[in-house]
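Student: I'm new to this one and would like a close look at a single part. Could you start there and then show me what surrounds that part?

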Amino acid sequence: MNMTTARPDPSGQAVPLGATLQLRDLVKRYGPGPAAVDGINLDVAANEFVVLVGPSGCGKSTTLRLIAGLEEVTDGVIAIAGDQVNHLGAAARDVAMVFQNYALYPHMNVAQNIGFGLRRRGASRAEAKKAVAEAAEILELTELMHRLPGDLSGGQKQRVAMGRAIVRNPRLFLFDEPLSNLDARLRLTMRTEIKRLHARVPTTTIYVTHDQTEAMTMADRVVVMNAGKIEQIGTPMEIYDAPVSRFVAGFVGAPAMTFADGMLDDQGLTLNTGLHLSCTAQHRGPVTLGLRPEALTLGDSGMAAKLDMLEPLGAETLALWQTEALGAVWVRMPPDPTLRPGATAHLQPDMTRAHLFDPVTGRRVT
Amino acid sequence: MRFAFAYPLTAALALTATAALPQDLITRDRVGPADAPNVMTFRLTAFDLYSSDDATREFFEERFLALMAEYPDWRIETQLQTDNIGQEQARMLEQVRAGRGPDCAMIDSSQLGLFKSAGVLSPMNAHFTQDQIDDLFPFVRDGVSDADGNILAWWWFTSLQVLYRDTSLVPDAPATWEDLQAAALTTVEAGREGVLFNGGRWEGTAFDWLPNFWAQGGELVDADGRPVFNEGDNRDKMLAAINFYKDLVDSGAAPSRVTTIINYDEFNAAAAAGTAGLFMGGNWQYGQLRGTLSEEDFANWELSELPGPSADQRATGTGGWTIGAFSDDATAVEICARIAYEIYATEGNAYQGLLPTSASLYDAYDAFDGPEYDAFAEALVNGVARPGVAIYPEISNQLQVLLGDVLSGSATPEDALDAAAAAVDAAFERL
Amino acid sequence: MIRDRRVWLWFAPVMLVLGGVYLVPVADVIRFSFSDATLLRPVTGYGLDGYRAAYNDDSLGVVLRNTGLFTLLSVISLQAMGLAIALLLVRGDRRRLYGMGALRTIVLAAWVIPGIANGLIWQMLFSEAPFGAINSTLRLIGLAPVAWLSDPGNAMISAVIANVWQGSAFSMIVFYAARRAVDPVLYEAASVDGASPVAQFIFITIPQMRGALLVNSILVTIQTLNTFDTILALTGGGPGRATEVLSLNIFNRVFYSYDLGGGSALAVLLLAISMALTVIYLLVLMRKGAR
């Protein structure tokens, strides 16, 4: 994508256009039963890129829709730029949203789709035309201005949806799983484009996805949600390196973390399968051990393991090993053309990179 | 009710009613033994032999069985006609012409002329005495006879239009148009609606208004059945009759809503609501009023002959039904004539309270003892039947338009009359 | 292309039914229109007399004017009412209001009433007798009674009201289905884009329902052009000819004048008008955004 075009900004310098966002004890209840959003608190700084991630049904999309004004708040406060907006409808909040299915107006061409919001907010035909042309140029849509959405490819639709959002310079930029309908390659491209667009046009952005890779790669800060509540807020590396719960640890990272239950005492950690590992943690009692693929290395000692499967990724290889002590575990390894499934070896856990969780509460222990 | 404009719902109910028949000599489509070697067909309406009223049905079943007992070799196949009279009768004429018609049938008196001029009716002279024929009301005798004096059908009951009035406001029967207007204005002063009559788009409007034309000696069609109502004297008589109605509305003696009235029930409703003072309706409404009004209110209502331009120029529209034979079989014609006279024209009328077509029959049955029947019999002397020609329905249609246009102020009587005559002539060309 | 000839076996029933139910009667009407047939006698010759007589009739101008007015007012009102009720229902459904099912049923109930019965019902309501339903109510609240049916101008409006009351349900069903088929996310996108409810109606609802509007316009117009039973029972076409529409005129010509030939000639005119209007609707509504 050609990003050399100057962004439409009269002052010519990067002014923070985005607003801050505060969520206070936000609750959304659709009926009896557990709340869809169960009292969440979040502060988003101006122009920050925050990703809400979690499994389906965790409340992340509902949270986004509450922020957009598409759902009514049951309890709590939403404030944009310090002002409570609970009572404002979507039209009055001055936010832009990119929907999962793009939600382009099928009967309007690309230019009309992008300009619709401007026109509805009182921009003159000429103003709108100019702004649309600029946005279209940023998104390389200029050639497609007179096409109808039905004639566009998925990626093009995605760009139109984004054009519709950026053209207005909204206070908040909301994305609701915008890449989930694209194929893998396009998803990767668009991920980059969105990031670059944010760098180019800094706006406070709330991005919802169920894909932890997207969350990790795009976010300034990641908000991991589960069952209507926030599990953890942090930078991608904080989330990855110091998950506060077994849920976060399991959700983030690919291949997923391997878990094994055991007992921690003065002698160290003894897994239920009998394997003993030295451990310096202060905690005593039953724990769940979590090991990421990079926390295991091949060696001469350690757990006996048999190679089950190889996933060569080029620069590195993921190997699935079968062990007595931990069951099936993924290990990140340098490419090794001699390894074949069926090979045997020993796996040595790096306990300095191990994570420990309370087996009952799922909280991290040290 | 079995009048020219039979009430549709009644007929529909009658048709759908399931009859519990006493024995297999009468079924839904047969009278007489199923294996009788001779068959005649009889097309009838659903108000007597197949009435939804059990007592009425049983009465007619008994009479039919008694008659057919004299003809053990015969059975009657019955065919019901629907209440869509115009269509049914037109279809029947077509069937008779094609040789597929019934042997004997009920024919609406207003349609009889069509059948007469088609030459499809078998004379019944042999089955009636000269006394019986002479005793018929003049319009009835004319209606059923051909030029040679043959009796082509038996007109077994009639109906007529009369003027109803609330005697508490109008003690004396208005005899002239002028009287009527004055009387109507009296009722308006008393807070009533004046005189009500049919003025909307339906047959009743033309039917109730035509006596005003006929009373002056006006004729709708000439001897050949050609429309002549806008020619010569007839035009003046038309205009006089139109202006009579127009004056009633213009003077306030009749409400402008008469142009919306397309149902005789409106008059019963107005009488029941106590808003009517006078109305022009059918003879059968007397019985309906008796059933609708309290005894006290009903006592106030009386009927009289329709008023005319002068007290001695009077006419009333008549309706009713005839029975005629299309068969060539002498016995079938005889049975048909006997059904007409012995079952329907005499005892049947007395049972159903329908008006007989000869004066002497009013004396023959106790059922006709009421004072209203004297008035009916008296008025029927001036009875006029609608011309039995194919153009009549269109004449009626155009008269309805004419009266509506004039009474609503959309056209002058002269223009409306010319338009109606032109339209009728054009339609006549096409027949 | 399907080459198997047996395919006609599958089409045969449909073609027979369509042909029997639609084409044969239409062909028969066209044949009659060129004949001298009356209800009383079969065809004895063919020619253009039927057309000449029917189209030279002085009343035809008034009748066509009535037809145009009745159809125009009815179609506009039917669509507006149908749309309004449909949107009301959708809104009610969305808010889970009680009584939406009842409302739907009431509107539908009007639809299943036969035209004749509908005419009779409205005749009672519009009755100008001192005890007439609507006028009594007007008097009760201190308003002057209205000459609903006796005034030639009002009579047409009254006929339209009766027709609309009965016919709105049909439009409502069509629009209700069409409105429910509009992706709700479009409204969310529009409201995020700052569109007011009115703007959403104009820019989302109407364009998204264009197909339904087109189909409904055609169906409702043809339905209205063919309506005569309601008017027959309500006014009979009166006062005078104030509410006599073409279909009623044809009915009268055939069943009063027995003029099957002339009546068929007018029926052909009615058919031509219906088809012409259909083509116009197609052109107008399909022109924009036709894909």
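Which residue in strand 14 of chain A is the bridge partner of A:Ala260?

Tutor: The bridge partner of A:Ala260 is A:Leu289, in strand 14 of chain A. Before we go on, a word on what you're looking at. This is a predicted model, so local features need a pLDDT of at least 70 and side-chain atom pairs count only at pLDDT 80 or more, while totals for chains, interfaces and linings use all residues. Residues are numbered from 1 along each chain as its sequence is written, and chains are lettered from A and ligands numbered from 1 in the order in which they are written.

Back to your strand. A:Ala260 belongs to strand 11 of chain A, residues 258-265. Strands here are DSSP runs of E with at least two residues, helices are runs of H or I with at least four, and both are numbered from the N terminus. Strand 11 has a covered face made of A:Thr258, A:Ala260, A:Gly262 and A:Leu264. Its uncovered face holds A:Phe259, A:Asp261, A:Met263 and A:Asp265.

Two strands pair if DSSP finds at least two bridges between them. Strand 11 of chain A pairs with strand 14 of chain A (residues 285-291) in the antiparallel sense, over 7 bridges. Strand 11 of chain A also pairs with strand 12 of chain A (residues 268-271), again antiparallel, over 4 bridges. In that pairing A:Met263 stands opposite A:Thr270, and a hairpin of 2 residues joins strand 11 to strand 12.

Now let's look at the other chains. Chain B has 17 helices and 11 strands. For its 431 residues, a compact globule would have a radius of gyration near 22 Å, and chain B agrees, because it has 22 Å. That radius is taken over C-alpha atoms, and the globule rule is 2.2 Å times the number of residues to the power 0.38. Buried residues make up 52% of chain B; a residue is buried if 20 or more other C-beta atoms, placed from the backbone, lie within 10 Å of its own, exposed if 12 or fewer, and partly exposed in between.

Chain B is assigned domain 1 (8-158 + 319-372) and domain 2 (159-317 + 386-430), with bounds from an automatic or database domain assignment. Their C-alpha centres lie 30 Å apart. 14 residues of domain 1 are in contact with 14 residues of domain 2, where contact means that the C-beta atoms, placed from the backbone, lie within 7 Å. On the domain 1 side, helix 4 (112-118) and strand 10 (316-325) of chain B each give two or more residues, and helix 4 has the largest share, with 5 residues.

Chain C is another story: 13 helices and 0 strands. Its C-alpha atoms fill a box of roughly 75 × 70 × 30 Å along the principal axes, and 42% of its 291 residues count as buried. Chain C meets chain B through 29 residues, in contact with 36 residues of chain B. The side of chain C that touches chain B has 13 nonpolar, 11 polar and 5 charged residues. Here Ala, Val, Leu, Ile, Met, Phe, Trp, Tyr, Cys and Pro count as nonpolar, Asp, Glu, Lys and Arg as charged, and the others, Gly among them, as polar.

As for confidence, chain C averages a pLDDT of 88, and 97% of its residues score at least 70; pLDDT is the predictor's confidence in each residue, from 0 to 100. The complex gets an ipTM of 0.86 and a pTM of 0.79 from the predictor.

Technical notes. Two residues are in contact if their C-beta atoms, placed from the backbone, lie within 7 Å.
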